[in-house]
Amino acid sequence: MSPEITKHNGKVHSSPLRSMPPPSSFTPVTPHLAISPTVSVVVPAMNEAENLPHVFATIPQWVDEIVLVDGNSVDDTVAVAKRLRPNVKVVTQKGKGKGDALAAGFAACTSDIIVMIDADGSTDGREIINFVGALVTGADFVKGSRYAAGGGSDDLTLNRRLGNKVLTGIVNVMYKTQYTDLCYGYNAFWARHLDVLNLDCDGFEVETLMNVRAAKAGLKVHEVPSHERNRIHGESNLHVVRDGFRVLKTILKEWRRQPTPPQPEPAATPAADRGVA
């Protein structure tokens, strides 16, 4: 083991690094890359039976766990999910709304890393490696951005684009962040930060709530470019004006709320050890 060299009060100190995890604890991702942490993917879905084959086809086989949160679908959403991935974990949503669904899905996850994607085909599971890569190299919370270099959207209307820009600007001023995209549902984080996020909202404002609470708690937030595609089948439940006001209300409400301190990184998995081999 090579020593870790640090400076304190002008003096050089050295301490041995922890040994790397054994090879058996790493999951192969590509012929040149393996990761040690386990990964869960949460997919909230309501009547998305037609879209799930497209969505599940993009989720990498190295993902350890897929958690489907079924919003009491009246189609074959659950049956299709089980046919596509027999080991899928199905959670039946008791409440309503995307925020409630994600809270239920997160609570059911058993992995070190949690990734959230949409069930309508707009988010590409092949991008998951970018989110996981940012986490294992030091980030606490990783958010997809359609406006970062390399990102984009086939689905943003003019009203949605303007609304997102205004709301993102408000958050950046109020919370001293530098976000480029606020209202996007592709995010990933270390599961130990669930208490910080503490989802207690029902609707599409959930992404904003997560972004604001991550910033207030001092988490290391990293943006990665993501390309949003059009919904493949069906119609979105998003209502621009109604949900825009809910997002604004969330931003203002969070200003008065005391942040939850983040959990420290486990001593057994320091940044030097938890990453890539």
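In this predicted model, a salt bridge joins the side chains of Glu228 and Arg146, with N and O 3.0 Å apart. The two residues come from distant parts of the chain, 82 residues apart. Glu228 lies in strand β13, and Arg146 lies in the loop between β9 (141-145) and β10 (152-153). Glu228 is buried, because its relative accessibility is 6%, under the 20% limit. Arg146 is buried as well, with a relative accessible area of 4%. Side chains of opposite charge can pair when their charged atoms come close.

The structure holds 15 salt bridges. Asp124 takes part in a salt bridge with Arg126 and in another with Arg229. In the pair with Arg126, the N to O distance is 3.0 Å. In the pair with Arg229, the closest N and O atoms are 3.6 Å apart. This second pair also links distant parts of the chain, 105 residues apart. Asp124 sits in the loop between β8 and α4, while Arg229 sits in the loop between β13 (227-228) and α8 (240-255). The burial of these residues was computed as well. Asp124 is buried, with a relative accessible area of 8%. Arg126 counts as exposed, because its relative accessibility of 57% is over 50%. Arg229 counts as partly exposed at 32%. A network of salt bridges links Asp200, Arg213, Glu254 and Arg257. Of these, Arg213 is among the buried residues of α7.

Helix α7 spans residues 206-216 and is mostly covered, with nine of its 11 residues buried. The buried residues are Val206, Glu207, Thr208, Leu209, Met210, Asn211, Val212, Arg213 and Ala214. Gly218 follows α7 and has a positive phi, near 80°.

Lys98 belongs to helix α3 (residues 98-108). Its relative accessible area is 13%, so Lys98 is buried.

The nonpolar interior was examined next. In soluble globular proteins, nonpolar side chains tend to be buried together. The largest nonpolar core has 35 residues, among which Phe56 and Val115 touch the most other members. Elements giving two or more residues to this core are β5 (39-45), α1 (52-58), β6 (65-70), α2 (77-84), β8 (113-116), α4 (128-136) and β11 (187-190). The largest share, six residues, comes from α4. Leaving aside neighbours within four places in sequence, Phe56 is in contact with Ile66, Leu68, Ala81, Leu84, Arg85 and Val88. A second, separate core has 23 residues, including Val42, Val69, Ile114 and Val206.

Cys183 is partly exposed, with a relative accessible area of 27%. Cys201 is buried, because its relative accessible area is 11%, under the 20% limit.

How values were computed: Residues are numbered from 1 along each chain as its sequence is written. This is a predicted model: local features need pLDDT of at least 70, side-chain atom pairs count only at pLDDT 80 or more; totals for chains, interfaces and linings use all residues. Side-chain values use heavy atoms; hydrogens and water are left out. Helices (H or I, at least four residues) and strands (E, at least two) are DSSP runs, numbered from the N terminus. Buried means under 20% relative accessible area, exposed over 50%, partly exposed in between (1.4 Å probe, protein chains only). A nonpolar core is a set of buried Ala, Val, Leu, Ile, Met, Phe, Trp, Tyr and Cys residues joined through side-chain atoms within 4.5 Å. Contact means heavy atoms within 4.5 Å. A salt bridge is a side-chain nitrogen of Lys or Arg within 4 Å of a carboxyl oxygen of Asp or Glu.
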